Amino acid sequence: MALRAAFRNRRGVSGLLSQLSSCSSHVRVCVSPVLVAQQRSNSTSPKLKVDFDQSSGVAVMHMQSPPVNSLSLDFLTEFCIGVEKLEMDKSCRGLIITSSQPKVFSAGLDIMEMYGKSPERCGEFWKGVQEMWLKLYNSNMVIIAAINGSSPAGGCLMSLTCDYRIMADNPRYSIGLNETQLGIVAPFWFKDTMVNTVGHRATEIALELGLLYSPSEALKVGLVDLLVPEDQVLTTATQTMTKWLAIPDHARQITKSMMRKPTIDRLTSNREADVQNFVSFITKDSIQKSLRMYLEMLKKRRG
Amino acid sequence: MALRAAFRNRRGVSGLLSQLSSCSSHVRVCVSPVLVAQQRSNSTSPKLKVDFDQSSGVAVMHMQSPPVNSLSLDFLTEFCIGVEKLEMDKSCRGLIITSSQPKVFSAGLDIMEMYGKSPERCGEFWKGVQEMWLKLYNSNMVIIAAINGSSPAGGCLMSLTCDYRIMADNPRYSIGLNETQLGIVAPFWFKDTMVNTVGHRATEIALELGLLYSPSEALKVGLVDLLVPEDQVLTTATQTMTKWLAIPDHARQITKSMMRKPTIDRLTSNREADVQNFVSFITKDSIQKSLRMYLEMLKKRRG
Amino acid sequence: MALRAAFRNRRGVSGLLSQLSSCSSHVRVCVSPVLVAQQRSNSTSPKLKVDFDQSSGVAVMHMQSPPVNSLSLDFLTEFCIGVEKLEMDKSCRGLIITSSQPKVFSAGLDIMEMYGKSPERCGEFWKGVQEMWLKLYNSNMVIIAAINGSSPAGGCLMSLTCDYRIMADNPRYSIGLNETQLGIVAPFWFKDTMVNTVGHRATEIALELGLLYSPSEALKVGLVDLLVPEDQVLTTATQTMTKWLAIPDHARQITKSMMRKPTIDRLTSNREADVQNFVSFITKDSIQKSLRMYLEMLKKRRG
């Protein structure tokens, strides 16, 4: 809704994103007609590549934000605009989300957005995370996650919002909401999304221990729906999409909304409180200290 | 409740059903004492055959409405009266529901009741569907589904209301809430019943895609509890019933009510709105067109 | 709270408990330095033996109330005080609950507390059962059940409140909420705890039939998390605890609370009504008669 004004002339938001300071409901985008004219059905941008096939009605969104598709505020902004754009295009019925980065689908929330930042900035960031979840979980499109790499934390959340999850059967990859391992906590709507997918008990144990599952474990617990060899993830996603699009849109959309509305309503009626809760938690000295230690550990590993 | 007045002299409603124009809450049945006297423990009627064994306290209800036990308003009316009758008979503790028609348990809601009918008639029909669900899901009896054939849509719903589901292990049979495949939508209480049985995620994917499961798939997902060879469905149901009736009725009934009451309350407190919702949906031009195409497709298949 | 009256004079957890006027959150303990010096990390009492290892932060609670660790009011009182004591000790981060009695973890609620007792006494008893559940399900500690024997009814409930359940792989043992088999009913919070663990449908069938599961069946349905040979139950629990304690306490505790708070709130906001409900049910003539028959059956077996 909020972003609709931005898209009276659709397609080709790329290059404009540096003007965005947020993807919250107060965003204003000044669309350049020239760029729009230049970039019809494919849009390319630093962090996202969208291929939309008009004939099939299916878009493929390649996340290409080096090195690991971290969900920074910039990335989230571009991502939300990209999804919104497809959502408003009635000819687009299905969306496949995948990664162009090797070995990783998305590494999840960008820790740099949570470390040493002002409360205001943290709040803007969190609104972006909420917005991503709302756009995906509430979408009228069929969304399939083609998980061709590891997908921890926010990357797992992104996958969980989709209608179907296909993962590369590579035992070096993992997926899960592992927030507690970093000393932080998955909020209620992360939890709700996981409970809706794997049930209460599997969620309880996964979130308390911050479990990361191998693909075969993830399949067993229901965190993903299908495993295929790595080079077949995208083709299988395309084939699976055909099956989903054989169902009349209106019946599928009403059904999807019926299944998800109570969960979505819980966040939409608590958005501001959830932002406040996140900001007051993440800006605590003890949590900032945890994040610093984690970042130093990462630095040592790389060094 | 509504039907209770009709049964001061119970047993033997057969032959009276033609006087019923509805199983809604306004129904009035004039019971003929003569017929009642003639037909003690077995009642036979065009659409239903009930065998009640006083010694075991178990009734078997054979659905025999050719060709496929479609849930027409007439069928639902007779079915609800039959269940109500057994419910009020304190000597009847268990009910087994099965089919006399070959290859099918029940084909579900009769499409002819939804196509080209007045809003009033559609509303009466939907009240009948609600009534069937309420009678079965809220029953004090142990109810076992002996699913000896395919059981799509409303047939699946009927099975889901039971305490236990035994299905013929015949790979040509299928079961599921496949409404979306026809362009229509399972309402929230169909959904609630399925979530209570197989959980949120399995329901989401099943309802969005309108999945029909083979018996072995249905067992795996939890849609049925047991598979046996086709000729043993009814005998196994009888043996299983013995195990259930070994539990003291009052403890089992309180427990059953505790498990199901929130789901039942959701419909009873929204019945009228649910009827309005169904009527306004099903009488839409686009939905009527979908149904016409489906009916024409069926006609061609048969022709 | 409920247990206060019970503790005016009572056997002591380490001889100090006679000074306790309550095990509620307002408890005040006047610690005797002499006794404390004498009994550092171990406390012994008739019904409970607690070994607390300061270095690991893990306490092991051995239930040793012959013959079968029945949950009498005395046992519950001592148990709640023991848990509360550990809960308040910030150096105690984990608790393992196990049995010193052969072949049984806990036989569940003591029927003698429910048979032939005054309504007042039944009410006190039930408050004790509530208190046990609240202390365990709401604990900030990691609690692991080391189930080294059968665990029916209240023993199963106790296990279900833990964070993780490890059971002896001995086919002669069983676990389950089998109340209906005795003609009594598991209340809504027993049911809620089980639904949170194994889901709605498995709970419905288990509670209606009063099912007792073998260890392998219990693992399959999710009632326990791990089976190990009988002599490895406690060592495995200790190893598992290490894994749980590797997670930062604050993040794990917030997560646990998020998962369990709605269930806990349902009881805390309905405690008094739940007591009244239990008392009016259990003091019914018909229920007392059921219990008398059950006790006579037990007597004959032993005799």
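Val68(B) sits in the loop that links β3 (58-63) and β4 (70-71) of chain B, strands being DSSP runs of E with at least two residues and helices runs of H or I with at least four, numbered from the N terminus. The model is predicted, so local features need pLDDT of at least 70 and side-chain atom pairs count only at pLDDT 80 or more, while totals for chains, interfaces and linings use all residues. Residues are numbered from 1 along each chain as its sequence is written, and side-chain values use heavy atoms, without hydrogens and water.

Val68(B) counts as partly exposed because its relative accessibility is 28%, which falls between buried (under 20%) and exposed (over 50%), with a 1.4 Å probe and protein chains only. Leaving aside residues up to four places away in sequence, Val68(B) touches Val104(B), Ser106(B) and Ala107(B); contact means heavy atoms within 4.5 Å.

Now for the meeting of the two chains. Chain A brings 19 residues to the contact and chain B brings 20 residues. About 1700 Å² is buried between chain A and chain B, with carbon and sulfur atoms giving 66% of that area; buried area is the accessible area (1.4 Å probe) that two parts lose on being put together, summed over both. In chain A, Ile247(A), Met258(A) and Met259(A) lose the most area to chain B, together 34% of what that side buries.

Charged partners meet here too: there are 3 salt bridges between the chains, each a side-chain nitrogen of Lys or Arg within 4 Å of a carboxyl oxygen of Asp or Glu. Arg201(B) and Asp225(A) form a salt bridge through their side chains, at 2.8 Å from N to O.

Conventions. Chains lettered and ligands numbered in written order.
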